[in-house]
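Open the model in your viewer and keep the selection panel handy. We will go from one stop to the next, with a short note on what to look for at each.

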Amino acid sequence: MTHTAQESPATALPAGVRDDFPILTTLPGPYLDNAATAHKPRTVLDAITRYYTTANSNVGRGYHALGRRSTDVYEQARADVQEALGAAQPEEVVFTAGTTDAVNTVADGLRHLLGPGKAVLVSGMEHNSNLLPWRRLAEETGAQLRVAPVDARGRVDTEAFTALLGPEVPLVALSHVSNVLGTVNPVEQLVAAAHRHGALVVVDGAQAVPHRAVDVRALDADFYCFSAHKVYGPMGTGVLYGKRDLLDELRPPRVGGGTVKGVHATEPVRYVPVPARLEAGTPNVAGAVGLAAALRYLDGLGRDAVRAHDEQLVRYAVHRLSERPDVRVIGAPEEDPSGIVSFVVDGVHPYDVGGQLDEQGIAVRCGVHCASTFLDDLGLLGTVRASFAVYNTRADVDTLVGALDAVRPDVWTNEHPTTRFL
Ligand SMILES: Cc1ncc(COP(=O)(O)O)c(C=O)c1O
């Protein structure tokens with residue numbers, strides 16, 4: 001990761017960023033599916049290799065030097081994440097398998113708050129990973145699932161959201177940034193409104209952490225979840241941040257090795273404190289190490305520069321796409337850009353757009369983005385989603401927009417009529 005001091009003209013990021021990502025030289029064209037997963041810089045790959053070649057051992061168990069080293073490395077990764085999120089203490093950072101796992105952990109752990117006469121409030125834009133755990137919980141406990149509407153600009157409607165709160169709503173779950181539209185919710189306001197009504201708030205930050213510095217204490221979120229692989233870290237790792245007293249009260253969804261002080265046939269089980277109590281089994285230590293390296297990498301680039309770069313690309317993409325009479329950008333991602341632009345092309349199924357862009361070497365996501373209820377509300381079959389990372393350029397946007405000239409209706413969907421992208 002050696003960058004020259006020279007700044008690239010379009011952004012404040014150091015020149016040479018693309019060289020940090022070995023996979024880029026193998027790709028046929030722009031990779032614009034970063035909201036699904038981002039590529040990994042060499043420094044992350046090296047950190048993972050270094051862990052396995054110098055420290056590999058189980059954590060929190062072995063009374064030998066290597067076991068202690070591995071434990072230290074793991075706990076250092078936790079401390080790094082704590083610092084990056086502005087959490088009060090490392091114990092507030094629970095390593096999970098990803099956002100989905102983190103949300104499920106909270107939903108399972110807060111089951112006791114719901115029941116008949118109670119309701120959980122979600123927003124109308126939620127990814128299935130922050131919808132289904134709550135929907136199932138409501139169904140299983142006899143509680144109601146309330147859905148706060150999204151306004152015409154693509155954000156949760158604060159007034160309507162507030163009107164749905166009340167003493168019967170102990171729980172709220174909402175996204176920080178929409179994975180479909182890239183729009184940013186006024187999370188601080190929504191959290192404050194929920195707290196005024198006595199509800200706990202779980203924030204899905206999967207699409208926020210890659211693009212903006214998140215301070216969980218400033219947001220005052222009770223729980224905040226994100227995935228490493230969308231923030232240039234490895235797959236299979238994520239974070240559940242929770243306020244310490246609330247984590248202490250969570251019922252562990254899984255129990256097993258690493259969670260107990262002692263187990264004896266005739267005595268009650270004594271569990272260890274969080275975070276270990278919520279991390280049953282051997283954790284993904286290399287994943288945590290890779291995530292910490294990814295966050296360091298972003299700090300090295302400069303969080304402000306990363307954000308400015310992502311914002312500029314979104315604004316440029318909206319500008320270029322809007323020049324085309326056959327394209328409609330959905331929502332208003334340019335107002336507070338967060339790395340995502342979703343659009344539709346007149347008369348062409350989004351799968352057809354995606355399939356034909358792929359044939360031209362361009363990777364975008366097309367379909368309903370794991371948020372079919374939101375797409376239903378938007379009255380759309382799906383969208384084409386271009387999502388940006390630090391290695392994308394204006395030239396990538398130009399290539400994308402130019403490639404739309406060659407896109408024809410019913411080419412790809414006719415060939416693959418049964419294919420469904422979720
Ligand atoms: C907003 C949002 N929430 C949750 C998820 C699920 O993340 P993961 O599959 O890493 O658990 C995603 C992934 O696309 C997402 O965009």
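Select Cys370 to begin: Cys370 sits in the loop between E12 and H12. Helices (H or I, at least four residues) and strands (E, at least two) are DSSP runs, numbered from the N terminus. This is a predicted model, in which local features need pLDDT of at least 70, side-chain atom pairs count only at pLDDT 80 or more, and totals for chains, interfaces and linings use all residues. Residue numbers start from 1 along each chain as its sequence is written.

Check the backbone of Cys370: phi is near 60°, a positive value in a residue other than glycine. Is Cys370 buried or exposed? Cys370 counts as buried because it has 21 C-beta neighbours inside 10 Å. (Buried means 20 or more other C-beta atoms within 10 Å of the residue's own, exposed 12 or fewer, and partly exposed in between, with C-beta atoms placed from the backbone.)

Now select His369, in the loop between strand E12 (365–367) and helix H12 (372–378). His369 is not a glycine, yet its phi is positive, about 55°. His369 has 25 C-beta neighbours inside 10 Å, so it counts as buried.

Next, go to Pro275, in the loop between strand E9 (270–271) and helix H9 (285–301). Look at the peptide bond joining Val274 and Pro275: this bond is cis, with omega about 5°.

Finish at the ligand, which 13 residues surround. Gly98, Thr100, Asn179, Ala206 and Ser227 are the closest. Here a residue counts as near if its C-beta atom, placed from the backbone, lies within 6 Å.
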